[in-house]
Amino acid sequence: MAREYMASHGVDLDSEMARIQFGQDVFKQAAGMLRHRQPPPTPTIAHLPGVLHAFERLVAPSLCHAHVHLDKCFLLQDPKYADLEIESGDFAEAMALTAKAKARFEEEDLLRRGRQLLEESIEHGVTAVRAFVEVDGQVRFRCLDAGLKLKKEFEQRCDVQICAFAQLPIFSGADGGDENRKLMAEAAAREGVDVLGSTPYVESDPYKMRMNVRWMATMTLAHKTHLDLHLDYNLDKTKEPLIWDVIDILKYWHWVERGGKGITLGHCTRLSMFKPDEWRRLKEEIGDLPLSFVGLPTSDLFMMRTECGARGTLPIPKMVEGHGLNAAIAVNNVGNAFTPQGSCDPLSVASLGVGVYQAGAKRDTEVLFECVSSRAKSSIGLECSSFDLNVGEPADFVIFEKNRTSWRTRMTIPEVVYDAGSGRQTIRGGLLMNRP
Ligand SMILES: [Zn+2]
């Protein structure tokens with residue numbers, strides 16, 4: 001399917017795939033970008049050692065974690081934290097258990113757990129990750145240092161963006177957030193930090209929440225990084241969403257005119273209660289701000305409910321198709337009290353989306369796939385390849401293992417969104433990234 005589809009768009013898949021090799025010069029000519037075959041196709045090299053056969057398999061743009069917490073992954077699996085079991089399963093407990101775990105974070109286990117997350121993600125087809133690492137008075141720069149080390153360690157295999165993240169208040173608490181704010185200011189100036197992030201809703205009142213956003217926006221502009229906020233994480237109709245203030249603040253600071261980079265807003269469950277006129281207003285007010293939303297359905301479903309037990313998560317496909325907004329979905333957490341269930345596979349969230357968003361039609365599954373691949377990359381400010389795999393786009397793909405059954409082939413986007421299977425090959429910049 002992929003070959004015919006790509007041929008209709010001027011790309012010869014046999015020829016392009018024949019160039020995907022371990023470290024050989026042929027693909028270097030393409031400098032990691034797709035290009036037209038020139039000279040004529042050379043399928044005869046497909047039998048040579050080191051040449052990857054993608055014949056009759058689905059080739060799609062590679063996957064991306066638009067939002068994942070690198071430092072607190074696998075706390076429920078690591079024997080070091082075996083005593084920190086979930087009992088009530090609510091947000092307060094998740095914060096308390098994570099605080100206890102953070103008190104024990106050391107470089108050794110931060111690197112070990114983070115490395116495991118990146119390795120497993122690459123096996124699933126991931127070539128780009130926005131990794132959140134916390135900075136506060138408790139962990140100081142331990143998580144950030146480990147994140148920066150992993151970014152370097154994986155630079156040939158995965159594009160790891162580091163988000164220095166204030167999970168704790170930067171304007172509330174006994175010292176008014178002074179220490180956390182000072183540490184975040186230092187982190188923002190560190191080389192290798194690509195994104196600044198915070199959690200305005202942990203501040204003690206709406207005034208301080210706005211101060212949090214204002215300060216983060218100022219720091220982001222000053223350091224020319226991206227901005228990523230965990231926002232409006234509630235399902236309470238009586239609470240005024242902070243998103244309107246965020247947009248006002250960004251416009252007040254002349255974000256676009258000053259060349260501000262991308263703004264990404266995660267969770268935003270409160271917006272799932274918006275009426276049509278509020279969605280229209282949102283689209284209008286965003287205007288030309290480079291703003292994207294990232295839905296985190298596995299976490300939201302576990303953590304968020306109304307008083308009567310109803311669940312809510314951002315209606316991502318509707319936001320994309322119906323309201324023309326930029327949006328993606330992501331795993332958020334892997335193996336901790338905020339999200340105990342799930343894996344490092346972005347496609348598992350797309351698959352969950354079929355049920356959560358009632359998005360089972362072919363076009364729906366394509367949008368869901370985009371939300372963990374091309375749209376996920378765009379939402380964190382990266383260049384991406386489309387389903388068309390156009391000439392000039394990055395040669396970053398995932399190749400799905402073909403089922404042996406003649407009719408259950410896993411050769412279409414709907415099939416891999418319904419049930420992705422586990423066998424995949426990950427290509428980044430034209431080279432195979434899976435460990436041999
Ligand atoms: Zn998060």
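Trainee: At roughly what angle do the axes of α7 and α8 cross?
Mentor: This is a predicted model, where local features need pLDDT of at least 70, side-chain atom pairs count only at pLDDT 80 or more, and totals for chains, interfaces and linings use all residues. Residues are numbered from 1 along each chain as its sequence is written, and side-chain values use heavy atoms, with hydrogens and water left out. Helices here are DSSP runs (H or I, at least four residues), numbered from the N terminus, and axes are lines fitted to C-alpha atoms over the stretch in contact, with angles from 0 to 180 degrees between N-to-C directions. The axes of α7 (residues 178-188) and α8 (residues 206-223) come within 10 Å, and they cross at roughly 20 degrees.

Trainee: So are they roughly parallel or roughly antiparallel?
Mentor: Angles under 35 degrees count as roughly parallel, over 145 as roughly antiparallel, 65 to 115 as roughly perpendicular and the rest as oblique. The crossing angle therefore makes α7 and α8 roughly parallel.

Trainee: Which residues of α8 make the contact?
Mentor: Contact means heavy atoms within 4.5 Å. On the α7 side you'll find Arg181, Met184, Ala185 and Ala188. Their partners on α8 are Trp215, Met216, Met219 and His223.

Trainee: How many residues of that contact are nonpolar?
Mentor: Ala, Val, Leu, Ile, Met, Phe, Trp, Tyr, Cys and Pro count as nonpolar, Asp, Glu, Lys and Arg as charged, and the others, Gly among them, as polar. In the contact of α7 with α8, one residue is polar, one is charged, and the nonpolar ones number six.

Trainee: What volume does the largest cavity have?
Mentor: On a 1 Å grid over the protein atoms alone, a cavity is a set of points where a 1.4 Å probe fits but cannot get out; a pocket is an open set with protein on both sides within 12 Å along at least five of seven lines, and lining residues have an atom within 4 Å of a point. Points are joined across faces, edges and corners, and a volume is the space filled by probe spheres set on them. There are four cavities of 30 Å³ or more, and the largest holds about 90 Å³.

Trainee: How many polar residues are in its lining?
Mentor: Among the 13 lining residues, His230, His267, Asn332, Asn333 and Phe338 are the closest to its centre. The lining of the largest cavity has five nonpolar residues and one charged, while the polar ones number seven.

Trainee: And which helix gives the largest share of the largest pocket's lining?
Mentor: That pocket holds about 330 Å³. The largest share of its lining is three residues, and they come from α8.

How values were computed
Helices (H or I, at least four residues) and strands (E, at least two) are DSSP runs, numbered from the N terminus.
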